[in-house]
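Subject: Structure handover

Hello,

Here is the structure I am passing on to you. Please open it first, then read my notes below.

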Amino acid sequence: KATGEEIVEEQKVKVCFIPSGDSELELLESTSPDGPIAKFIEKNNGRNGIQHIALRVDNIEQTIADLLAKGVRMIDEKPRYGAGGSSIAFVHPKSTGGILVELCQRNK
């Protein structure tokens, strides 16, 4: 069962979380035709798919610093607000074989 929905205006998405064991599925719906999810779907000819993979970390600032020190390219070099009250940062797909990776730290 879903644990709730939230709109994140900054990201132009509606988010729904579905817990599954020690993991969680996060479903995203664009709230705007110019949002990143809408652009992803348009770029992929309207096909559904995985837009990104999120990994929960204990200390997002330290994780970002460690990745930067190893030469990993980041989209976000500082955390920003994410759904569920989390701090998030994205690793650039050029550093991950073409997969967008989200780092996520929850304070709950």
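**Where the two domains meet**

The side chains of Arg-56 and Glu-24 form a salt bridge, with 3.8 Å from N to O. By salt bridge I mean a side-chain nitrogen of Lys or Arg within 4 Å of a carboxyl oxygen of Asp or Glu. Across the interface of domain 1 and domain 2, the rule finds 2 salt bridges.

A word on the source: this is a predicted model, where local features need pLDDT of at least 70, side-chain atom pairs count only at pLDDT 80 or more, and totals for chains, interfaces and linings use all residues. Residues are numbered from 1 along each chain as its sequence is written, and side-chain values use heavy atoms, with hydrogens and water left out.

Domain 1 covers 1–48 and domain 2 covers 52–107. These bounds come from an automatic or database domain assignment. The contact takes 9 residues from each of domain 1 and domain 2 (contact: heavy atoms within 4.5 Å). Their C-alpha centres lie 17 Å apart.

The area buried between the domains is about 670 Å², and carbon and sulfur atoms give 45% of that. Buried area is the accessible area (1.4 Å probe) that two parts lose on being put together, summed over both.

There are also 3 residue pairs in polar contact between domain 1 and domain 2, both residues at pLDDT 80 or more. A polar contact is a pair of N or O atoms within 3.5 Å; within protein, one must be able to donate a hydrogen and the other to accept it, and residues adjacent in sequence count only if both atoms are side-chain atoms.

On the side of domain 1 that touches domain 2, strand 1 (5–8), strand 2 (13–20) and strand 3 (23–30) each supply at least two residues. Strand 3 gives the largest share, 3 residues. Helices (H or I, at least four residues) and strands (E, at least two) are DSSP runs, numbered from the N terminus.

**His-52**

His-52 sits in the loop between helix 1 (36–43) and strand 4 (53–56). Is His-52 buried or exposed? His-52 counts as buried because its relative accessibility is 16% (buried: under 20% relative accessible area; exposed: over 50%; partly exposed: in between; 1.4 Å probe, protein chains only). Its side chain joins that of Glu-102 in a polar contact of 2.6 Å. Leaving out residues up to four places away in sequence, His-52 touches Leu-28, Phe-90, Leu-100 and Glu-102.

**Helix 2**

At the start of helix 2 (residues 60–69), a side-chain oxygen of Asn-59 reaches to within 3.2 Å of the backbone nitrogen of Glu-61. Just after helix 2, Gly-71 has a positive phi of about 85 degrees.

Best wishes
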